[in-house]
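Me: I've just opened this one and I'm new to it. Walk me through it, please.

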Amino acid sequence: MRTTPARRRARRAFAGAGATVVLLAGAVTGCSSGGSGDEGEQGAQAAPRWNTAPASIAAVGDSITRGFDACSVLADCPEVSWATGNDPEVRSLASRLIGDAEAPARSWNHAVTGSRMADLPQQLAEAAGHKPDLVTVMVGSNDACRPTASAMTPVADFRAGFENALAGLRAASPTSQVYVSSVPDLQRLWEQGKDSPMVRQIWKLGICQSMLADPLSAGSGATARREQVRARVVEYNEVLREVCAKDSLCRYDGGAVFQYPFSAEQLSRWDWFHPGKDGQARLAELAHRQVTAAQPPR
């Protein structure tokens, strides 16, 4: 049968319309199943969010978290610990978040006086056993406070220890949040007590000699030593910040403790170096502000 010009034009129009339908169908199918882009966005949105109201807390770290020298000489005083204590004058982080009545049963202090970063993996392993909502970490002062500046923990070892400790916690308790305090400015603590004859005599007993030895010396050697210790603390804090930033459930305090201007009245009246009861209260206040903030410090 012979095809007329009119029929040929109709067939071409129909074929063009069909091709358009196929292209549109392909575009719709590509949007709905194209998979990786949408799933990636959903995955990013589903990343764990920081809980500003944790219901259980485990604390790890060193003498500061144990309240050393805050109540009596050369003794721990965990009841005034900034993290888990029950002293009403301190109002620890646990008391502020969980309440005085519930905190004793839902907070645990695994810090050990004298601990360094090398001890953190074991402490975090113990803390992970509770499956806490939040773990507080304050460690590093003893890595810098050594008999001599040359004995300070190398930065690479400090980093490896922190990475190992966090990896262990994640394996044992994947959903626990981690609040990491910066290492205090040890040089500022030296400045607070160096002019007191009584304090200088106490420091001779062996407290943080890398920073506190020859406290009144203005010689180039002593000055360089103190600057070296402070610089190492700054490096430790940078490690804490960098390693913590790689964990979506870890929050570094942004240097809040390092920058806090502790006064003599906030230090232990037995060693003028560790935080006293008022200093512990300030640490609790700083931690509570950071943990309950909607966004991490910048």
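Me: Which residues lie nearest the centre of the second largest pocket?
Reply: Ser 63, Asn 142, Cys 145, Phe 273 and His 274 do, out of 23 lining residues. A pocket here is an open set of points on a 1 Å grid over the protein atoms alone where a 1.4 Å probe fits, with protein on both sides within 12 Å along at least five of seven lines; lining residues have an atom within 4 Å of a point. This is a predicted model, where local features need pLDDT of at least 70 and side-chain atom pairs 80 or more, while totals for chains, interfaces and linings use all residues. Numbering starts from 1 along each chain as its sequence is written, and side-chain values use heavy atoms, without hydrogens or water.

Me: New topic: where is Arg 232?
Reply: In helix α11, which covers residues 220-245.

Me: Why does Arg 232 count as buried?
Reply: Because its relative accessibility is 17%, and buried means under 20% (1.4 Å probe, protein chains only).

Me: What does Arg 232 touch?
Reply: Beyond four places in sequence, Arg 232 contacts (heavy atoms within 4.5 Å) Met 152, Thr 153, Pro 154 and Val 155.

Notes. Helices (H or I, at least four residues) and strands (E, at least two) are DSSP runs, numbered from the N terminus. Buried means under 20% relative accessible area, exposed over 50%, partly exposed in between (1.4 Å probe, protein chains only).
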